[in-house]
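Hello,

Here is the structure I promised to pass on. Please open it first, then read my notes below.

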Amino acid sequence: MKILNWLLVIAGICGLISVRMLEDKIFYDPFLEYFHEAIKNIAFPRFEWGKLIAGHFFRFMLNLALSCLIIQCLFKNRQWTAQGALLITIIFTITFPIYLYCIHDRFEIGYLFSFYMRRFVIQPLALLLIVPMFYYRKQLMKRPSSGN
């Protein structure tokens, strides 16, 4: 059973890597080229709001599902998996409207600020914080409590 869990963790990580590697083929995101060029003088791309928002939601759902798979297989605790999903969703809920505002403002708010808001929207960065947090929580739960 332990081997299956580790294989699922590896599959989840490979899935997240695949989402990143195939992003230009899977998702509608005209800003991929814009941010890959890293030149502020490149023309602001034309885009369709509906397709852009749907593409980001689809990517979020894929990242969320794969992140939950990783959390569940690492900690085998449904409550923690639900908490992780909630934290990831809260971060997306906060950063996505900010990123959409940056697009509406044509990144006048700042190129780097927009770049990093986009990172929080399209990458599962919260997973990098959640896994160590839950690992630490698990270690605390293993310690014998000191009766004051």
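The buried residues of helix 5 are covered by, among others, helix 3 (31-37), helix 4 (49-75), helix 6 (111-122) and helix 7 (125-142). Keep in mind that this is a predicted model.

Which residues of helix 5 are buried? They are Trp 80, Thr 81, Gly 84, Ala 85, Ile 88, Phe 92, Thr 95, Phe 96, Tyr 99, Leu 100, Cys 102 and Ile 103. Residues three or four places apart point the same way, because an α-helix has 3.6 residues a turn.

Helix 5 also has the length it should. Its 27 residues should span 39 Å at 1.5 Å a residue, and the end C-alpha atoms are 38 Å apart, so the two values agree.

Asn 77 caps the N-terminal end. One of its side-chain oxygens lies 3.0 Å from the backbone nitrogen of Gln 79. After the helix comes Arg 106, with a positive phi near 55 degrees.

**Leu 100**

Leu 100 sits in helix 5, which covers residues 78-104. Is it buried or exposed? Leu 100 counts as buried because its relative accessibility is 16%, and the cut-off for buried is under 20%. Leaving aside residues up to four places away in sequence, Leu 100 touches Trp 49 and Ile 53. Met 21 is another matter. Leu 100 and Met 21 are 79 residues apart in sequence, and their C-alpha atoms are 23 Å apart in space.

Helix 6 has 12 residues. From first C-alpha to last it reaches 16 Å, close to the 16 Å expected at 1.5 Å a residue. Its buried residues are Tyr 111, Ser 114, Phe 115, Met 117, Arg 118, Arg 119, Val 121 and Ile 122. What do they pack against? Their partners are helix 1 (2-21), helix 2 (23-26), helix 3, helix 4, helix 5 and helix 7.

Gln 123 lies in the loop between helix 6 and helix 7. Gln 123 is buried, with a relative accessible area of 16%. Not counting residues up to four places away in sequence, Gln 123 touches Arg 20, Glu 23, Arg 59 and Asn 63.

**Ile 13**

Ile 13 belongs to helix 1. Its relative accessibility is 40%, so Ile 13 counts as partly exposed. Leu 69 is 56 residues from Ile 13 along the chain, yet their C-alpha atoms are separated by 9.3 Å.

**The chain as a whole**

The protein chain has 7 helices and 0 strands. From the N terminus the order is α-α-α-α-α-α-α. The C-alpha trace spans about 60 × 40 × 25 Å along its principal axes. The chain has 148 residues, and 38% of them count as buried.

Last, surface and charge. The accessible surface comes to about 9500 Å², and 66% of it belongs to carbon and sulfur atoms. There are 16 positive and 8 negative charges in the protein chain.

Best wishes

Methods: Residues are numbered from 1 along each chain as its sequence is written. This is a predicted model: local features need pLDDT of at least 70, side-chain atom pairs count only at pLDDT 80 or more; totals for chains, interfaces and linings use all residues. Side-chain values use heavy atoms; hydrogens and water are left out. Helices (H or I, at least four residues) and strands (E, at least two) are DSSP runs, numbered from the N terminus. Buried means under 20% relative accessible area, exposed over 50%, partly exposed in between (1.4 Å probe, protein chains only). Accessible areas come from the Shrake-Rupley method with a 1.4 Å probe; for residues, only the protein chains shown count as cover. Lys and Arg count as positive and Asp and Glu as negative; His and the chain ends are not counted. The place of a charge is taken as NZ of Lys, CZ of Arg, CG of Asp or CD of Glu. Contact means heavy atoms within 4.5 Å. The expected span of a helix is 1.5 Å times one less than its number of residues. A polar contact is a pair of N or O atoms within 3.5 Å; within protein, one must be able to donate a hydrogen and the other to accept it, and residues adjacent in sequence count only if both atoms are side-chain atoms.
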